[in-house]
Amino acid sequence: FRKIWVRVSNTKQELIDRGISLPTFHTKISLFRQLEKVLDYEEECERKVVEEAERWRKWQSSMKVKREMIARARELADAQLAAALDVAGQLYVFGEGTQGQFNAKPTTSMSSGCFEQE
């Protein structure tokens, strides 16, 4: 189809429309060949652009899936942590605290200076 279109179309005008300078002395065959080269180059550029767009679309799709998987994993981790703490029936404190306050022995009496436990 393209070869027929090149032969039937106004090759001189097609080349001028594409910004190609024409030689002073040219034959129809040389214009045909020049237009075919230009068309080959345009088709190759278009093919590369389409391939890049497809790669980008696939990458975006995989990134969306990965984001969803990460969000789901975080939800599951939070649920598992909450379930583990609920099963124990108490609140765990991880670490000693900044002043070492969570490393002390438990108190046996709740008495203080203004309150006396009996």
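In the predicted model, Arg57 and Glu54 form a salt bridge, with their closest N and O atoms 2.6 Å apart; a salt bridge is taken here as a side-chain nitrogen of Lys or Arg within 4 Å of a carboxyl oxygen of Asp or Glu. Because Arg57 and Glu54 are three residues apart in helix H3, about one helical turn separates them. Both residues are partly exposed: the relative accessible area of Arg57 is 45%, and that of Glu54 is 33%. Buried denotes under 20% relative accessible area, exposed over 50%, and partly exposed the range in between (1.4 Å probe, protein chains only).

By the salt-bridge rule, the count comes to seven. A network of salt bridges links Glu14, Arg18 and Glu42. Glu42 lies in helix H3 (residues 28-88) and Arg18 in the loop between helix H2 (11-17) and H3, so the pair ties together parts that are 24 residues apart in sequence. Arg18 is partly exposed, at 28% relative accessibility, as is Glu42, at 32%. In general, side chains of opposite charge can pair when their charged atoms come close.

Helix H3 also contains Arg47, whose side chain makes a polar contact with the side chain of Glu51 at 2.5 Å. A polar contact is a pair of N or O atoms within 3.5 Å; within protein, one must be able to donate a hydrogen and the other to accept it, and residues adjacent in sequence count only if both atoms are side-chain atoms. Arg47 is partly exposed, with a relative accessible area of 38%.

The protein chain has three helices and zero strands, in the order α-α-α along the sequence. Helices (H or I, at least four residues) and strands (E, at least two) are DSSP runs, numbered from the N terminus. Of the 118 residues in the protein chain, 8% are buried. The accessible surface of the protein chain is about 10,700 Å², and carbon and sulfur atoms account for 58% of this area (Shrake-Rupley method, 1.4 Å probe; for residues, only the protein chains shown count as cover).

The largest nonpolar core consists of seven residues: Val6, Leu15, Leu31, Phe32, Leu35, Val38 and Leu39. Helix H3 supplies the largest share of this core, five residues. A nonpolar core is a set of buried Ala, Val, Leu, Ile, Met, Phe, Trp, Tyr and Cys residues joined through side-chain atoms within 4.5 Å. Leaving aside residues up to four places away in sequence, Leu15 touches Ile20, Leu22, Leu31, Gln34, Leu35 and Val38. Among contacts (heavy atoms within 4.5 Å) between residues at least 6 apart in sequence, 33% join residues at least 24 apart.

The mean pLDDT, the predictor's confidence in each residue from 0 to 100, is 82 for the protein chain, and 89% of the residues reach 70 or more. Confidence is lowest in helix H1 (residues 2-8), with a mean of 73, and highest in H3, with a mean of 90. Local features need pLDDT of at least 70 and side-chain atom pairs count only at pLDDT 80 or more, whereas totals for chains, interfaces and linings use all residues. Residues are numbered from 1 along each chain as its sequence is written, and side-chain values use heavy atoms, with hydrogens and water left out.
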